[in-house]
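Here are some exercises to work through with the model open beside you. Try each task on your own before you read its solution.

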Amino acid sequence: MHQLFRLVLGQKDLSRAGDLFSLDDSEIEDSLTEALEQIKIISSSSDYQTNNNDQAVVEICITRITTAIRETESIEKHAKALVGLWDSCLEHNLRPFGKDEDTPHAKIASDIMSCILQNYNRPPVMALAIPIAVKFLHRSNKELCRNMSNYLSLAAITKADLLADHTEVIVKSILQGMVQKLSLGTCFRRHLKVFSSICGLWEERPRVLEAS
């Protein structure tokens, strides 16, 4: 791992975290997976939710990492570590503290979600991400739910077969949405778009098999 990442994450040194942006993307690209694994350790600690310093360090480092991944187009190389950190967020509270106030792990999940699922046209990345993505549909976070549904809709259009194995989970989420407050209506409608795309896949399957 790059020495600056080692210093910032090892000592949780907020005063040096901003210096990561002075480094070239190519200079730190090889360190990104290891940095993500270290962030997972920090964010899984028992006091993370109340430690403002650690949260700030993690947020800055994730921003730097996701920027470098986009600029170097290395998402496939680091997807496993990204998805691993994303998955770990599900072990923690994601329900907002108050109106529009995300928990620390919801912030991590949101930042990583956009980095991963913007690559909905890359099947190797989606194969890792979708089994985790659908789990977020059951969590009590309206904003995560809405954004996740948007990305899954795009994934369903480009590679619906990756979602077919998760039809049951998506249907359960739709049924849950039917009994939620009206404020979740937008999220519910996006679930339906995902489900409709999957249904379209099954309707097309005979023709696909015929063509092959």
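**Exercise 1. Is D54 buried, exposed or partly exposed, and which residue is its salt-bridge partner?**

Solution. Keep in mind that this is a predicted model.

Step 1: D54 has a relative accessibility of 4%. Buried means under 20%, so D54 counts as buried.

Step 2: Now look for the partner. D54 forms a salt bridge with K12, and their closest N and O atoms are 3.6 Å apart.

Step 3: K12 is at 32%, so it counts as partly exposed.

**Exercise 2. Which residues does the salt-bridge network with K77 join?**

Solution. Step 1: Start with E29, whose side chain meets that of K77 in a salt bridge of 3.3 Å, N to O. E29 lies in the loop between helix 3 (25–28) and helix 4 and K77 lies in helix 6, so this pair ties together parts 48 residues apart in sequence.

Step 1: Next comes D30, which also meets K77 in a salt bridge, at 2.8 Å from N to O. D30 is in the loop between helix 3 and helix 4, 47 residues from K77.

Step 2: Shared partners join E29, D30 and K77 into one network.

Step 3: Compare accessibilities. E29 is buried at 13%, K77 is partly exposed at 48%, and D30 is exposed at 62%.

**Exercise 3. Which two residues form the aromatic pair, and how are their rings arranged?**

Solution. Step 1: The structure holds 1 aromatic pair. Its members are W86 and F136, with ring centres 5.2 Å apart and 25 degrees between the planes.

Step 1: Planes under 30 degrees apart count as stacked, so this pair is stacked.

Step 2: W86 lies in helix 6 and F136 in the loop between helix 8 and helix 9, so the pair ties together parts 50 residues apart in sequence.

Step 3: Both W86 and F136 are buried.

Definitions and conventions
Residues are numbered from 1 along each chain as its sequence is written. This is a predicted model: local features need pLDDT of at least 70, side-chain atom pairs count only at pLDDT 80 or more; totals for chains, interfaces and linings use all residues. Side-chain values use heavy atoms; hydrogens and water are left out. Rings of Phe, Tyr and Trp (its six-membered ring) pair if their centres lie within 6.5 Å; planes under 30 degrees apart count as stacked, over 60 as edge-to-face and the rest as tilted. Helices (H or I, at least four residues) and strands (E, at least two) are DSSP runs, numbered from the N terminus. Buried means under 20% relative accessible area, exposed over 50%, partly exposed in between (1.4 Å probe, protein chains only). A salt bridge is a side-chain nitrogen of Lys or Arg within 4 Å of a carboxyl oxygen of Asp or Glu.
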